[in-house]
Amino acid sequence: MSGKQINISAIGGIYLVFVLGLILSHLYRGFIIKMSWLEKDLFRLVPRVLISCILLAIGFHGIYIGIGNFTFNWNMEFRWNDPNLFAWGMLFFIWNLIYFAYIFFQRYRTEEIKNLKLEAARNEYELRRLRDQMNPHFIFNAMNTIRALIDEDPIKAKNAVTQLSNVLRSSLQTGKQELITIEKEIQIVRDYLEIEKARYEERLIVELEIDPASMSSKIPPLILQTIVENCIKHGIAKLPKGGTIKVKTKKAEDHLKIDIINDGQFDPSKKSDSSLGLENTRNRLDLSFGKSAWLTIGNLNEFKVRTQIYLPIKNTI
Amino acid sequence: MIRAMIIDDERLARQEIRNLLQNFSDIEIVAESGVVEEALDLIEKENPDLLLLDIQMPGKTGFELLEELDGRAPEVIFITAYDEYALKAFEVNALDYLMKPVEEDRLRESITKIKKRIAERTENAEPENDGKLDINDQVFLKDGDKCWFVELERVRLFESEGNYVRVYFMDQRPLILKSLNALMERLSEKCFFRASRKHIINLRWIEKVETWFNGGLLVILKDGTKVEVSRRQSVKLKEMMAL
């Protein structure tokens, strides 16, 4: 019968090693996290790990013998020169090695992904900022118009160069400012529309009705210019006979209202880059004025589209 | 002499092309237009060899204008300022295009290429031309984002599909919005044959003809396509072949 007993005690021993190893390593892991060893540099970490390995081996061996003697009547003694003690130490050391290697690898990867994402977001922002400022279609068409004007009407050509310079300069400078005066914004819009008028000739009629009291009110730069540009691109440029664009500002006690009315039809179901631009404009108004500012766009009748901006008065000089 | 026509909705842009073309002694500007509908009429009337065509115009794009051409397509140089959509179409379909403002050297390159193509075509042209499209003419086809200038010589088969016609050439088979009847009216009967209600075949592409049921015929084209010829048309085909 003793054969069977040895068998039970041997299997029990293996079982004990597993359970004990699992519990101790788990507690040790908790300890590592609690003492935030993962934040420590290698010089501080290595001695701590080595000492832990020794202590864990001693603890493990002690408990192992204690339980073994008690349950299976092993009659073993705790001896410092027991080769098992060294084996447990090695085992814990290897466990540490694998654990820390895994953690560091994991951390390296998430860090790398985070960096890449950050970089991509930064690039995209930069790109969009540049693209929003410079509409290449507008610039090259303007250049083409000017080229033709050089032969036909040199004075007009000169003016167009100045106006184009003004528009480009404004879009480079004011892009960095948070708010500019209506006066300045209208000047940009005027220069912009002059160039488009040279291009579209009798097909573009411009009406400006600017309330003098509104001149010193402030808006985020190029908001009006962007809207006017879209009115031409999606409205007037699509009409064989062209049309009229009218910009009107009106200042009241506590608010400023800007109306832009152009020939054409607005189709809200059409998802285009301009609906994205509209969203962008709304966001910019939100950032500067909060929810009390709004922008709406819709058809006034069968032939005309109206864009309205409402701004609470924030700054007057 | 190449007879050219300028189509752009901006007067100054047209003027600019005119100025540039002054330096080309062998190009005569026969018409210009800023409105697509008017341009279509003028093309019909003047039958120019070359179009200098803007892409973005009110109402219709330059591509849509070409799609509406009923007859043979002239040579085309597309002109655009900067339009991502158009640029992509040019690259995908390998079309001749110039960017505004147009550089004279680039224009010269394009025109030299086109002169060569026009010369080749006149050399091969059928002596007696009844104004219908023969195999030396090219047509413009558009299906979704893809478009082609195709010499009719390469088209082996037209197949009716509802209100559309599928055009078979090389390894392409685009679908165009046209009726087979309208198409047949445009095509020269010397080159194309109405095989049945469903098919028009290019006579040059016939490999062999076999007898089929009820006195009908089966035409096998050079690429292996088999086309059934209706009984009535079989009589006609036999007569033509007998000559």
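Me: What span should helix α4 of chain A have at 1.5 Å a residue, and how far apart are its end C-alpha atoms?
Reply: In this predicted model, helix α4 of chain A covers residues 136–152, which makes 17 residues. At 1.5 Å a residue the helix should span 24 Å, and this agrees with the separation of its end C-alpha atoms, which is 24 Å.

Me: Which elements do the buried residues of α4(A) pack against?
Reply: A residue is taken as buried if 20 or more other C-beta atoms lie within 10 Å of its own, and in α4(A) the buried residues include A:Phe138, A:Ile146 and A:Leu149. The buried residues of this helix pack against elements of both chains, namely α1 (11–21) of chain B together with α5 (154–173) and α6 (182–200) of chain A.

Me: How many residues does the contact take from chain B, and how do they divide by type?
Reply: The contact takes 19 residues from chain A and 15 residues from chain B. On the side of chain B that touches chain A, the residues divide into five charged, three polar and seven nonpolar.

Me: Which residues of α2(A) are buried?
Reply: Helix α2 of chain A runs over residues 42–72, and its end C-alpha atoms are 42 Å apart, in agreement with the 45 Å that its 31 residues should span at 1.5 Å a residue. The helix is followed by A:Asn73, whose phi is positive, near 50°. Its buried residues are A:Cys53, A:Leu56, A:Ala57, A:Phe60, A:His61 and A:Tyr64.

Me: How far apart do the C-alpha centres of domain 1 and domain 2 of chain A lie?
Reply: Chain A is divided into domain 1, residues 2–128, and domain 2, residues 136–312. The distance between the C-alpha centres of these two domains is 68 Å.

Notes. Residues numbered from 1 in each chain as written. Chains lettered and ligands numbered in written order. Predicted model: local features only at pLDDT ≥ 70, side-chain atom pairs only at ≥ 80, totals over all residues. Contact = placed C-beta atoms within 7 Å. Nonpolar A, V, L, I, M, F, W, Y, C, P; charged D, E, K, R; others polar. Domains from an automatic or database assignment. Helix = DSSP H or I, 4+ residues; strand = E, 2+ residues; numbered from the N terminus. Expected span 1.5 Å × (residues − 1). Buried ≥ 20, exposed ≤ 12 C-beta atoms within 10 Å, placed from the backbone.
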